[in-house]
Amino acid sequence: MDNRRLSIGEEGRVIDETSFILRFQQGDRSVFPWLVREYGTYVYRVAHSVLHDAKEAEDAAQETFLQIYKSLPEYRSQGLKTWMTRIAVNKSIDIKRKRERRKEEHWDPADLDLQASGSEEDQLLGLIDAERSTEVRQRVAGLPAGHRQIVTKFYLEGKSHEQIAAELSVAVKTVESRLYRARAYIREHWSREEWG
């Protein structure tokens, strides 16, 4: 164990890591800031090595110390630094997973058909995403009527250009043109920030 020293209180009494843990477990929460000062930079570096993002690493470090504060009363000597490192890594991985889930959940219908027409499977995946997202449905409902109808039929109902043309009694080229204009409207009026 590190022989780190801890200065506590106005009397300037010095205690070691073992005494810190003992005092904390006996209910003296005033000693906790020492741990944050002593290990704050280290915990941040561990988090940053997993996340590669300063803001997320700060969040992970904060969550790590909150978890340490809650868990210290049950802590049993197992190497304080190793124990804190494990908590920091786990918190960082949690944040990384949340970030990945956010990327998957935020879908922009304007991106679905921008590239040369992809496979039907890709369009089906886009349709599934749209079906799951009530936010997308709410946004589509707010489109001007002409755009709303074509976007709903193509993206949310998954109908082909030919099916839509037959339903609306218009040429396939007209459907393609309306979809193009609807996507242009979406790109102009829906900011990327709204979709993460």
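Seven aromatic pairs turn up when the whole structure is searched; rings of Phe, Tyr and Trp (its six-membered ring) pair if their centres lie within 6.5 Å, with planes under 30 degrees apart counting as stacked, over 60 as edge-to-face and the rest as tilted.

Start by selecting Phe 20 and Phe 24. Their ring centres are 6.3 Å apart and the planes sit at 40 degrees, so this pair is tilted. Both residues belong to helix H1 (residues 17–25), four residues apart, about one turn of the helix. Helices here are DSSP runs (H or I, at least four residues), numbered from the N terminus. Phe 20 has 0% relative accessibility and counts as buried, and Phe 24, at 0%, counts as buried too; buried means under 20% relative accessible area, with a 1.4 Å probe and protein chains only.

This is a predicted model, where local features need pLDDT of at least 70, side-chain atom pairs count only at pLDDT 80 or more, and totals for chains, interfaces and linings use all residues. Residues are numbered from 1 along each chain as its sequence is written, and side-chain values use heavy atoms, leaving out hydrogens and water.

Next, pick Phe 32 and Phe 65: an edge-to-face pair, 6.5 Å centre to centre with 85 degrees between the planes. This one links distant parts of the chain, from Phe 32 in helix H2 (residues 32–51) to Phe 65 in helix H3 (residues 54–71), 33 residues apart. Both are buried.

Now show Phe 20, Phe 24, Phe 32, Trp 34, Phe 65 and Tyr 69 together: they form one aromatic cluster.

Last stop, Arg 29. Arg 29 lies over the face of Phe 24, 4.2 Å from the ring centre, and its charged end also sits over the ring of Tyr 69, 5.8 Å from the centre. The cut-off for Arg is CZ within 6 Å of the ring centre and within 35 degrees of the ring normal.

Methods
Helices (H or I, at least four residues) and strands (E, at least two) are DSSP runs, numbered from the N terminus. Buried means under 20% relative accessible area, exposed over 50%, partly exposed in between (1.4 Å probe, protein chains only).
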